[in-house]
Each structure stands twice: as structure tokens, then as C-alpha cells.
Amino acid sequence: MSNWIWESTPIHLEFDSDTYFGKVVEPMGGETWIFNLPRHAEVTVGVPGKNEQSRIRIHPETTEADELDDGIRIVLDAEGVRCIFEMTLDPREPELLCTVREVPISDRRILSAVFPGALFPKNQRRHEVLDTVHQGRIHRPVLDTERRVEVSGAEAPMAWWAQLGADSAVLAIAETPFDWHWTYTDSPQGSTVTCRWISSLGALNDTRRLRYVFLPGRGYMQPARRYRRYAKETGLHVPMAPRIAENPTLDRLLGACAIFLGHIDDPSCDYVRNLTAIKDMGLERAFVYPLSICSHQDEFSFGGYSPVERAYLGRDLEDGLDFIAAPGIWVDRTWERGSTFRRDFLVSADEETPVPEIDIAGEKFHALHSGYAIQMLAELEEGYVDYLGVHCEGVTTRSLRECRRGIWSYSRKEDARLRCELLKLLCDRRIAVSAGEQREWSLGVRHLGANMTRMELGANTPVWPVPLWQLVYHDASFSTWPDDEGYTVPTGSHRRAFLMDMLYANVPLVHPMGCHYRFTKPPQIEAVSADFADPRVQESLRLAVRAARHHRRYGLQDLIYHAILTGDGAVQESAFESGAHVIVNLGSEPYRMPGGQVLEAESVLVD
């Protein structure tokens with residue numbers, strides 16, 4: 001047996017070259033983390049565009065391992081492919097960098113690779129795991145049945161995840177941010193987390209880099225705050241305060257309320273009167289969207305979002321009420337109507353199956369590439385961007401895609417770049433840009449985004465929302481918190497959304513008027529309308545005014561702390577860099593705090 005040991009770096013690494021079994025010891029708490037390459041590490045090999053594929057496990061019989069000064073190199077040379085895997089230690093930080101690099105030698109290529117496979121704490125095979133979907137989630141091993149979760153780098157808000165051991169945590173940073181696929185499996189037998197690198201344009205063209213950071217203590221605070229440091233070091237973190245200094249319009253988002261009018265015009269609604277009434281309730285600032293929408297019809301139609309439907313409203317908002325008026329651009333539909341549209345752009349990623357479609361009352365919506373929008377923007381009338389704000393649908397909400405044939409080819413990385421160029425053209429007009437869900441690759445070119453989160457708590461609930469996005473980017477982007485139903489008529493959850501807005505100092509979001517749609521199961525859509533006079537709508541507005549004032553005070557501050565104080569997740573606490581503390585009780589029963597003070601059900605305390 002050949003056992004290689006590295007002890008001169010911040011972490012202790014051992015690797016058995018006969019079995020490809022290794023372990024890493026976290027330096028502060030001393031917890032041991034195990035990896036077993038033969039069980040989990042593998043590559044998928046094939047000729048791009050053909051269905052024939054084969055798998056090769058990474059173990060001593062298929063590869064050769066060499067000892068490096070700072071780690072391990074494993075070389076695979078079989079079945080017409082060559083690939084180099086390395087695990088190297090940082091000399092100063094408790095970090096382990098795992099890389100995969102393909103060396104092309106034939107028409108056969110590596111289509112995907114799992115390396116180093118699963119990493120798990122030695123004495124706690126079933127453990128908690130973090131991912132960044134929506135605003136952040138913690139997966140809790142509380143069920144007696146198997147549970148499986150998959151996340152793609154093409155749709156994840158941030159390119160990291162973490163595993164929580166008994167005395168330490170491991171942060172995993174995908175430094176090749178768009179071409180990974182993460183799988184978490186939990187059962188009574190144990191928890192497993194694997195990262196599969198997927199091909200880009202048919203092969204692993206770029207070196208894939210996965211950085212493990214070993215941290216003392218358990219919990220989600222350490223990984224999130226460590227990733228914040230990484231984001232600042234690499235330029236992903238773009239602070240909002242300097243951007244406000246460069247673009248004074250953005251100051252009007254601080255302390256604003258996002259007012260959603262729906263995607264379907266309601267001729268019976270007196271928008272100006274209702275918005276004036278909201279102003280009279282004490283709301284000083286608002287981001288009102290979308291203005292440019294289709295006309296109301298008996299059947300749904302998303303049309304091209306004509307900018308003239310509510311053009312009168314924009315001037316009343318900006319000149320009379322001092323609100324930001326934000327026309328909406330549905331990128332896919334607007335582009336399809338433009339002269340630059342080519343049907344042969346619509347090619348799916350696997351080149352064989354048709355592009356997915358959603359049929360909405362006869363209108364076909366293609367899941368097409370929305371980043372190729374520079375030409376599209378030239379087609380837009382000036383009215384789309386003639387106000388202080390704009391809301392883009394389909395830019396950050398849709399998954400990043402790639403295409404290998406058609407008029408042009410593009411990778412997921414290029415797709416992200418092109419989408420950012422569209423948003424940058426809008427930002428260069430010195431307006432406020434909203435662009436759907438939060439994605440860190442678009443941080444520098446948009447200002448407002450949603451954290452689409454289902455709020456499910458309870459002692460036996462396997463996944464809880466945790467504010468990973470806010471712990472990293474709170475002072476770099478303004479966020480909204482849609483309720484459980486998305487942008488629909490307020491229900492009982494609107495008070496819960498208010499409490500979360502207070503906890504995180506979000507931009508409050510309301511839908512007080514107009515018509516919208518929502519998806520139901522099986523996949524269908526139905527109309528929903530907001531009645532401005534509904535008592536629930538009025539209450540949501542009063543709460544939003546309070547939350548907006550809270551955002552005005554803390555919206556630009558770093559969120560430095562968050563904790564869940566009860567076993568059912570109902571009582572939570574946050575803290576900002578100024579020292580302000582917020583405690584919310586999301587539950588239906590009062591909560592007695594350690595000092596004896598009682599926090600009533602569905603209430604908030606700001607100290």
C-alpha cells in the first residue's frame with residue numbers, strides 16, 4: 001500500500017494510491033472528511049452529436065496516479081480520450097482545488113466528469129447541505145424516505161454549495177460557474193453530494209475548477225460569509241452605494257416599494273387614482289411595473305408588449321407621483337417580432353429534440369436563447385426605455401443555454417455575456433433595471449431582482465429557506481420576496497412576506513391592482529385579478545409602507561448575521577452592520593425571548 005500524506009499546509013490530506021481512498025482533516029475542529037474515488041468519480045465518453053456513450057470509473061486499474069509537491073495528479077488514457085485530474089492544496093488557506101482538464105487526442109471526447117465525487121464527514125454520513133436555489137436553502141435529513149435534489153449551474157443564483165458536518169463545514173465553489181450539475185441524495189443510509197461537470201459545445205473545452213474550503217464550526221453563516229469574501233476578491237460583488245453615486249435614479253429604489261400591475265391590462269382599473277391613494281398612505285417611493293403590456297382580452301395574449309397601452313400612466317407616475325415607471329420587455333416575444341429573428345436560431349441544446357413550447361391561448365412561447373438581444377434592442381421603440389425604469393422578463397429567469405448549430409453557436413458562458421450586454425445597454429441609460437430572479441453573473445448590470453421562495457417551515461420539513469443570497473450580496477443588489485403563489489392576489493401569506501422583508505430589509509412587493517396569470521397543475525394558466533378595495537390588499541399596502549421605510553434605513557447595509565431560533569423555524573433573527581437587530585415570529589404562537597420579553601405571533605421586533 002502507498003499512502004501519501006501532506007501535512008505542511010493548513011489542512012491535512014491523505015491519499016491511498018492503491019485504493020484511491022482519501023481523507024482531509026479540517027485544521028481547527030479536527031473533523032475528518034472522506035472521499036472515495038472508485039465509488040463516485042467517473043467520466044462519460046462519446047462522440048459529440050452521437051448517442052453512443054460509455055462510462056469509465058476513476059480507479060487504479062483505469063488510471064495512473066502521481067504524487068505532487070502540493071497534491072495528487074491522476075491521468076486517464078483509455079478509449080480514445082485523455083484527461084488529467086488534480087487535487088492540489090493551497091499553501092496558506094485551508095483549501096483543496098480539484099481540476100479536470102481534457103487533452104483531445106481523437107474524435108471521442110469527454111462529455112461529462114465527476115471528480116472527486118462525493119465528500120462526506122467521516123462520523124456523520126447523514127448531514128445538512130446548503131444550496132443557493134431561490135435565496136438559499138438548507139436541506140435537513142429528517143425524512144425516513146429517500147430524497148433527491150438536483151441543481152444546474154445554468155440556473156443557480158450563485159455557483160456554490162456547502163456541506164455541514166458535526167464540527168466543521170465544507171464550502172464548494174464552482175470556479176467554472178455555468179457547466180456543472182449538482183446532485184444531493186439523502187436517505188436513512190446517508191447523504192451524498194456530487195458535482196458532475198458537463199460538456200460545453202460538445203466537450204470539456206475549459207479546465208473545470210472546484211474549490212473546497214474547509215471551515216471551523218457548523219451552520220450556514222460560515223460558508224455564506226466566506227463566499228462573500230471570495231465574491232469580493234474575484235469582482236463578483238459589485239456594491240450598490242457607488243453605483244447610486246454614478247446613477248442618481250437608483251437612489252429612488254432605496255426605500256421604495258415594488259408595485260406589480262400584472263401582465264394583462266384591466267380596462268376597469270383606475271390606475272392613477274389607486275396609485276395616488278397609495279402615495280397618500282405614506283409611500284414616498286415606488287418602482288411600478290410593467291407599463292407596456294398587452295390589452296385585456298377574454299383569452300390570454302402576451303403579444304409584443306406595446307408601449308402605448310399605458311403610456312399615459314408613465315408620465316403621471318414620474319411627473320405627478322414621483323414614482324419610477326418601468327415599461328416591461330418580454331425579451332423572447334419582442335425579439336421574435338423583430339426583423340433580426342430567424343427561425344433557425346431555435347435549436348435545442350441536444351440538437352435533436354424540438355425546442356420546448358408553451359401554448360397559451362394559441363400563442364407559442366419558445367424556450368429560445370434570449371441573450372442574443374443586442375440586435376433586438378435596436379428594434380425597440382424609444383418608448384420602451386423612455387422612463388426612469390425598465391423591467392426585463394426572460395433575461396435572468398430563464399436557464400442559460402447553449403447551441404452547437406444554426407446561424408451561430410454559443411456556450412452557456414457566452415449566453416450569460418450576451419444577456420449582460422442587453423442589461424448593460426439599459427443600465428447605460430442611467431435608469432433602474434429590474435430583471436427577474438437574482439443571478440450573480442448579472443449583478444453589475446441590473447439593480448432589482450426577486451428571490452422566488454416557497455416559505456415552508458416546520459420541525460419535520462426537509463428543506464428550509466435561509467438567506468444565503470442576502471448574507472453574500474445584500475449591499476450589492478436590492479431584492480424582493482414574492483409570496484408563496486408568486487405575483488398573485490395577496491392571501492394570508494402577505495403578512496409573512498412583510499415579516500421576511502423586515503428580517504432581510506428587502507424591497508417590499510405588492511400586487512394591488514390589475515390582472516395577471518398563474519400556472520396551475522397540470523401545467524395550465526388561469527387569470528387572477530387584484531381588487532384594490534380588498535381588505536387584504538389594503539393591509540398588504542400598509543405593511544409595505546412600513547417595510548419600505550425599513551429598507552430606506554438598512555437596504556444598503558451588509559447583512560452580517562442570521563439565525564433560526566426555534567426548532568420549527570418560526571422565530572428568526574438577523575443583524576446589520578450598523579448593529580441593528582431584527583427578530584420575527586412567523587408562527588401562530590407567542591415566543592418568549594431569553595430576557596423574558598414576549599414576541600407575539602406574526603410580529604416583528606427591531607432593536
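**Reading the terms of a predicted model**

Of the contacts in the protein with a separation of 6 or more, 67% are between residues 24 or more positions apart, a contact meaning heavy atoms within 4.5 Å. This is a predicted model, in which local features need pLDDT of at least 70 and side-chain atom pairs count only at pLDDT 80 or more, while totals for chains, interfaces and linings use all residues. Residues are numbered from 1 along each chain as its sequence is written, and side-chain values use heavy atoms, with hydrogens and water left out.

User: What makes the pair of Trp182 and Tyr184 stacked?

Analyst: A search of the whole structure finds 14 aromatic pairs. Rings of Phe, Tyr and Trp (its six-membered ring) pair if their centres lie within 6.5 Å, and planes under 30 degrees apart count as stacked, over 60 as edge-to-face and the rest as tilted. The ring centres of Trp182 and Tyr184 are 6.2 Å apart and their planes are at 15°, so this pair is stacked.

User: How do you know whether Trp469 and Tyr473 are buried or exposed?

Analyst: Buried means under 20% relative accessible area, exposed over 50%, and partly exposed in between (1.4 Å probe, protein chains only). Trp469 has a relative accessible area of 0% and is therefore buried, and Tyr473, with a relative accessible area of 0%, is buried as well.

User: Why is Glu175 called buried?

Analyst: The relative accessible area of Glu175 is 18%, so Glu175 counts as buried under the 20% limit. Glu175 sits in the loop between strand 17 (168-174) and strand 18 (180-187), and, leaving aside its neighbours within four places in sequence, Glu175 is in contact with Leu97, Arg209, Arg211 and Tyr230.

User: What makes Arg140 a charge over the ring of Trp464?

Analyst: A charge sits over a ring if NZ of Lys or CZ of Arg is within 6 Å of the ring centre and within 35 degrees of the ring normal. The charged end of Arg140 is 3.8 Å from the centre of the Trp464 ring, and Arg125 lies over the face of Phe120, at 4.0 Å from the ring centre.

User: How do you know that helix 2 has close to its expected span?

Analyst: The expected span of a helix is 1.5 Å times one less than its number of residues. Helix 2 (residues 221-234) has 14 residues and reaches 20 Å from its first C-alpha to its last, close to the expected 20 Å. Helix 2 is followed by Gly235, whose phi is positive, near 85°.

User: What sets His134 apart in its phi, and why is His134 called partly exposed?

Analyst: Most residues other than glycine have a negative phi. His134, although not a glycine, has a positive phi of about 60°. At 29% relative accessibility, His134 is partly exposed, because that value lies between the 20% and 50% limits.

Methods. Helix = DSSP H or I, 4+ residues; strand = E, 2+ residues; numbered from the N terminus.
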